[in-house]
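Reader: I'd like a close look at the charged side chains in this model and at what surrounds them. Could you take me through that part step by step?

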Amino acid sequence: MPTIYKLLIVFAYICLLAGCQQEEYEPIAEKANVAATINIKDMSVSFIDIDKQEKMAQWTLEKPYTGGVIFPDGDTFLLYGKDIDTIDLFSLSKGTMIDHWDVGEGIVNGLLINKDELAFADENQDSIRFFDLSGSEHATVDTEANPYTMTLSEKEGLLYVLSFDHEELTKIDANKKERLEGFTINPYASGALLLEEQNELWVGGHGEGIDIEKNVHVYGTKTGELKTKISVPTMPVDFVQKDDWIYIVSHGSNTLYKVDKEGKVADSVTVTANPFNIELAGEELLVAGYDSSDIQFINEDTLTVDKRVKVGEGPFQIVLREK
Amino acid sequence: MKFLTDTLAKKLWLTVTAAIFITILYSYALSYLFYEKLYVENVEESLLEEGLALASDYHDGPLTDEFKGHVAWYNTKSETDVFIVNNPRELSACFPFQMNYDSLINGAERDELLKGNPIFKSGYEDRFNGRIMAVIVPLLDESRLEGIIYLYLPLEKISDITKDFAYLWMIAAFLFLIVAMISGTALVKKMTSPLLEMKRAAEQVSKGDYEVSIKNQSQDEIGQLANAFNTMADSIRQEDERKREFLANVSHELRTPISYVKGYSEALKIGLVKNEEDYQKYLELIYREAGRMERLVGDLLDLSKLETEEYQLVKMPIPLAQLIEDSLQKYLPRIKEKGLELEYDLDPEIIINADEGRLEQIIQNIMDNALRYTESGSLSLHLYETEEGCCIELVDSGIGIPAEDLDKIKQRFYRVNKARTRADGGTGLGLAIAEKLVNLHEGELTIESTLGKGTTVRIYLPIIIE
């Protein structure tokens with residue numbers, strides 16, 4: 001076979017491969033403030049313009065992603081999933097996949113640390129894996145079984161990791177990448193908020209077996225003691241703080257609670273169906289309804305629902321990009 | 001197995017029995033299926049109705065204790081087990097998380113309920129430690145699944161009912177089987193008994209007893225076979241009779257000339273004859289009888305040849321008038337001698353496709369007969385065209401044939417006057433041969449006659465159409 005034909009075949013093959021990988025999605029305007037929802041049921045990501053409170057675009061993806069992180073550059077959109085053996089990076093402005101990191105299956109959560117580092121909770125390895133933004137893994141710290149929720153104390157440089165079905169919290173020195181002594185927490189813990197000035201870690205959860213979690217457990221970060229329980233039935237799983245107020249979503253009762261730092265419930269409202277995630281964008285609280293496949297914009301002060309935006313099916317996590 | 005299938009009756013019986021068995025089993029299975037399906041559908045429907053009726057009392061928001069109380073009260077009154085579930089864990093609310101808990105409904109069912117659709121379940125459920133039939137009705141506040149109403153019945157209750165049904169069925173089927181087998185056996189016997197009778201009759205026929213007849217009432221295939229058998233036996237009997245008669249006739253016909261020849265030759269041999277005149281007369285008689293035997297044997301040979309299928313005519317186009325005229329020539333002296341008048345009118349245009357020699361033989365045979373039985377008067381011969389061909393018509397003013405003998409006249413050796421001597425020289429085979437030959441030419445020979453007035457012979461033949 002003449003060399004020219006061989007080259008042509010190779011060229012065609014490369015084009016084919018490139019064609020397969022270079023799936024193009026609708027680009028996301030660079031200047032917009034964006035809330036991206038990762039939708040589990042239809043494997044999609046919906047992009048919502050936060051200012052206009054309307055959907056801008058929807059990407060139907062090929063892998064079952066469960067969560068994501070937007071890089072400090074505001075353009076790189078990282079997606080991971082427990083059953084996917086890569087972490088995939090997309091460019092929001094181009095609408096294409098730009099890179100993928102072969103990390104193996106088991107990544108259930110990701111957190112941006114100090115704008116130049118990523119921590120991933122790996123449920124298969126029962127560890128927190130640290131990567132730089134170029135995808136090279138530089139440290140791994142073992143945790144209790146099934147790490148899920150992570151929260152960072154920037155002041156202390158500590159990473160708190162909740163073990164999902166093991167009643168133990170793992171404390172990690174984020175700088176030295178060393179595991180410190182943890183403490184016992186409630187079972188099936190999910191969602192955590194650190195109140196650094198009070199040295200408190202508020203921990204939510206689903207509850208074990210038939211027992212439904214009704215409370216947020218407040219632990220002292222130094223001692224690990226259970227200081228108090230805040231009744232926010234049922235199944236509080238995510239928190240967001242705005243000044244002196246803490247907002248808690250309980251997915252078992254589809255309720256959003258507004259709680260002060262003392263743990264006193266000031267207000268509550270029924271929100272969208274089965275919310276797993278809450279985020280704060282300016283004055284608006286964003287709550288994703290996993291069952292109703294929508295996002296609600298809720299005024300943080302009055303707790304009134306300003307807008308409801310339909311997204312892909314089963315929004316599980318909201319990722320914000322604010323300029 | 002062979003002893004089961006060695007007779008048709010057993011085979012039929014087996015087939016009938018098997019058919020009955022299969023029908024019973026099949027209809028049992030089918031009706032069981034239908035019954036269960038109908039019953040199950042009915043139960044499902046009523047469960048759903050109950051569930052929807054209960055759910056209609058629910059209005060938005062979390063489930064109230066009052067509502068739960070209502071359902072609990074209803075549960076005490078209803079045969080159905082009804083309960084309300086609003087524990088999000090049981091409703092798979094935490095589905096994306098692995099809760100290590102076997103929820104009452106799974107993720108897919110939750111999705112279905114979220115659409116507002118009820119769920120139907122039938123089969124083994126771990127939770128109830130048995131087989132159940134259940135309907136789950138969602139209690140939705142917009143798209144929030146606040147709870148479900150779970151209604152179920154243990155499947156044992158349902159199978160209890162089908163069990164009763166099965167017993168009833170079995171008893172009915174058993175009775176039906178007995179009745180069906182008895183009537184089946186009778187039917188098979190009725191169907192096969194004519195066959196057995198036919199077998200016996202066939203054995204009798206092969207032993208030479210042709211007088212058998214199968215009594216048969218039915219008109220079905222077996223009845224038709226029995227009728228055909230009877231007809232066949234009758235035909236064989238008639239043929240046998242004809243054969244006997246024929247043999248008797250042949251021997252009878254031969255015996256007369258033989259006794260003549262024997263008697264006269266004996267007289268000559270022992271010198272009974274005194275003068276030359278008698279001597280010549282005796283010789284003449286012997287010669288005549290030998291000639292008659294020759295003709296008889298010749299005719300018999302012809303007849304037997306004609307009766308074989310391979311007999312072939314050598315056909316060619318023949319101007320019929322010419323042929324008839326030629327044939328008549330040799331009769332003119334005899335006609336003149338008897339003092340008869342001959343009148344003939346022949347259409348010269350008629351040409352037929354025929355075997356010349358055989359056609360001559362036909363004419364000769366009918367002319368012989370006409371001359372033989374006409375002592376005075378006239379003979380008239382006509383040839384004319386008919387719609388379908390042509391007709392040779394020979395009318396004599398002879399003695400005629402009695403009406404009762406007319407249809408038998410064409411049979412071999414049949415004579416109107418049995419006592420008549422053979423002095424006229426006929427063999428009794430002339431008309432039989434003539435008819436055979438006419439038939440071979442695809443024609444027809446008919447005879448009309450009035451006793452004492454004369455006879456008309458008509459031969460219809462196809463012609464060549466130009």
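At what relative accessibility does A:Arg129 stand, and does that make this residue buried or exposed?

Author: Happy to, and please keep in mind that this is a predicted model. A:Arg129 has a relative accessibility of 5%, so it counts as buried, because the cut-off for that label is under 20%. Its side chain is in a salt bridge with A:Glu137, where the closest N and O atoms are 2.9 Å apart. Elsewhere, A:Lys41, A:Asp291, B:Arg110 and B:Asp111 are joined into one network by salt bridges that share partners.

Over all chains, the count comes to 35 salt bridges. One of them brings together the side chains of A:Asp291 and A:Lys41, with N to O at 3.9 Å. This pair ties distant parts of chain A to each other: A:Asp291 sits in the loop between E25 and E26, A:Lys41 in the loop between strand E1 (34-39) and strand E2 (44-49), and 250 residues separate them. A:Asp291 has a relative accessible area of 10% and is therefore buried, whereas A:Lys41, at 28% relative accessibility, counts as partly exposed.

A:Lys41 also meets the side chain of B:Asp111 in a salt bridge of 2.9 Å, N to O. Here the pair joins two chains, because A:Lys41 is in the loop between E1 and E2 of chain A while B:Asp111 is in helix H3 of chain B. B:Asp111 is partly exposed, its relative accessible area being 27%. A:Asp291 reaches across as well, with its side chain in a salt bridge to B:Arg110 at 2.2 Å, N to O.

Now for the interface around these pairs. The rule finds two salt bridges across the interface of chain B and chain A, and ten residue pairs are in polar contact between the two chains, both residues at pLDDT 80 or more. On the side of chain B that touches chain A, the elements giving two or more residues are helix H3 (107-114) and strand E4 (144-154) of chain B. H3(B) gives the largest share, three residues.

As for contacts, 19 residues of chain B touch 31 residues of chain A. The area buried between the two chains is about 1,800 Å², and carbon and sulfur atoms give 56% of it. Of the area that chain B buries against chain A, 31% is supplied by B:Arg89, B:Phe97 and B:Arg144, more than by any other three residues.

E25(A) and strand E26 (residues 294-299) of chain A run antiparallel and are joined by six bridges; A:Leu286, for instance, has A:Phe297 as its bridge partner in E26(A).

E25(A) has another partner in strand E24 (residues 275-281) of chain A, again antiparallel and over six bridges. There, A:Ala281 has A:Glu284 in E25(A) as its bridge partner. These two strands make a hairpin with two residues between them, and A:Gly282 in the turn has a positive phi of about 65°.

How enclosed is E25(A)? Six of the six residues of this strand (residues 284-289) are buried, so the rest of the structure largely encloses it. In a regular strand, side chains alternate between the two faces of the sheet. In E25(A), A:Glu284, A:Leu286 and A:Ala288 point one way, A:Leu285, A:Val287 and A:Gly289 point the other way, and all are buried.

To set this part in its chain: chain A has one helix and 28 strands, and 59% of its 323 residues count as buried. Among its contacts with a separation of 6 or more, 40% come from residues 24 or more positions apart. Chain A exposes about 13,500 Å², with carbon and sulfur atoms supplying 47% of that area.

Technical notes: Residues are numbered from 1 along each chain as its sequence is written. Chains are lettered from A and ligands numbered from 1 in the order in which they are written. This is a predicted model: local features need pLDDT of at least 70, side-chain atom pairs count only at pLDDT 80 or more; totals for chains, interfaces and linings use all residues. Side-chain values use heavy atoms; hydrogens and water are left out. Buried means under 20% relative accessible area, exposed over 50%, partly exposed in between (1.4 Å probe, protein chains only). Helices (H or I, at least four residues) and strands (E, at least two) are DSSP runs, numbered from the N terminus. Two strands pair if DSSP finds at least two bridges between them. Contact means heavy atoms within 4.5 Å. Accessible areas come from the Shrake-Rupley method with a 1.4 Å probe; for residues, only the protein chains shown count as cover. Buried area is the accessible area (1.4 Å probe) that two parts lose on being put together, summed over both. A salt bridge is a side-chain nitrogen of Lys or Arg within 4 Å of a carboxyl oxygen of Asp or Glu. A polar contact is a pair of N or O atoms within 3.5 Å; within protein, one must be able to donate a hydrogen and the other to accept it, and residues adjacent in sequence count only if both atoms are side-chain atoms.
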